[in-house]
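User: Hi! I have a structure to go through with you. Could you take a look and answer a few quick questions?
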Amino acid sequence: MEQQVLGHGRTTGPEAFWYVLGCLAFAASYFAKVPCKKALSEYGLITMTDAEKFWYVLMNIAFASGYFSKVIIKKALSEVPQNTHTPPAQPPAP
């Protein structure tokens, strides 16, 4: 399996296909991604869009499902060893 760097990862053809198919099924894949993005945003790794923020709040109104999903993801992120994120190499200055 190819090693990926945060922010520079790629999905394979089958992964992209199944994600789109999951989104077509009542946006299930998209809604599953929102709590993960919330956890990443709390670590300062990404910024959520306004639409993602809206759906996250709505998920929490519906029995706090977004929050409980985020807690699991945040726990997994807390177990990532420090300094494992290597920024991409910068090209040499001209």
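User: Is Lys74 buried, partly exposed or exposed?
Analyst: Lys74 is partly exposed, because its relative accessible area is 29%. Buried means under 20% relative accessible area and exposed over 50%, with partly exposed in between (1.4 Å probe, protein chains only). Before we go on, this is a predicted model: local features need pLDDT of at least 70, side-chain atom pairs count only at pLDDT 80 or more, and totals for chains, interfaces and linings use all residues. Residues are numbered from 1 along each chain as its sequence is written, and side-chain values use heavy atoms, with hydrogens and water left out.

User: Good to know. What is the mean pLDDT of the protein?
Analyst: The mean pLDDT is 87, and 87% of the residues reach 70 or more. pLDDT is the predictor's confidence in each residue, from 0 to 100.

User: And which elements have the lowest and the highest mean pLDDT?
Analyst: Helix H1 (residues 13-24) has the lowest, at 92, and helix H3 (residues 50-61) the highest, at 95. The helices (H or I, at least four residues) are DSSP runs numbered from the N terminus.

User: Back to Lys74, then. Which residue forms a salt bridge with Lys74?
Analyst: That is Glu42, and the closest N and O atoms are 2.5 Å apart. Glu42 lies in helix H2 and Lys74 in helix H4, so this pair ties together parts that are 32 residues apart in sequence. A salt bridge here is a side-chain nitrogen of Lys or Arg within 4 Å of a carboxyl oxygen of Asp or Glu. By that rule the count comes to five.

User: Which residues are linked with Glu42 in a network of salt bridges?
Analyst: The network links Lys38, Glu42, Lys70 and Lys74. Lys70 forms a salt bridge with Glu42, with 3.0 Å between the closest N and O atoms. Lys70 lies in helix H4 and Glu42 in helix H2, so here the parts tied together are 28 residues apart in sequence.

User: What is Lys70 in contact with?
Analyst: Leaving aside neighbours within four places in sequence, Lys70 is in contact with Pro35, Lys38, Ala39, Glu42 and Tyr56. Contact means heavy atoms within 4.5 Å.

User: Which residue forms a salt bridge with Lys37?
Analyst: Glu52 does, and the closest N and O atoms are 2.7 Å apart. Lys37 lies in helix H2 (residues 28-42) and Glu52 in helix H3, so the pair ties together parts that are 15 residues apart in sequence. Glu52 is buried, with a relative accessible area of 3%.

User: Changing topic: how many aromatic pairs are there?
Analyst: A search of the whole structure finds five aromatic pairs. One of them is Tyr30 with Phe31, which is edge-to-face at 5.8 Å centre to centre and 65° between the planes. Phe54 and Trp55 also form an edge-to-face pair, at 5.1 Å and 75°. Rings of Phe, Tyr and Trp (its six-membered ring) pair if their centres lie within 6.5 Å; planes under 30 degrees apart count as stacked, over 60 as edge-to-face and the rest as tilted.

User: Which residues form an aromatic cluster?
Analyst: Tyr30, Phe31, Phe54 and Trp55 form one cluster. Phe31 is partly exposed at 25%, as is Phe54 at 47%, and Trp55 is partly exposed at 30%.

Note on methods:
Helices (H or I, at least four residues) and strands (E, at least two) are DSSP runs, numbered from the N terminus.
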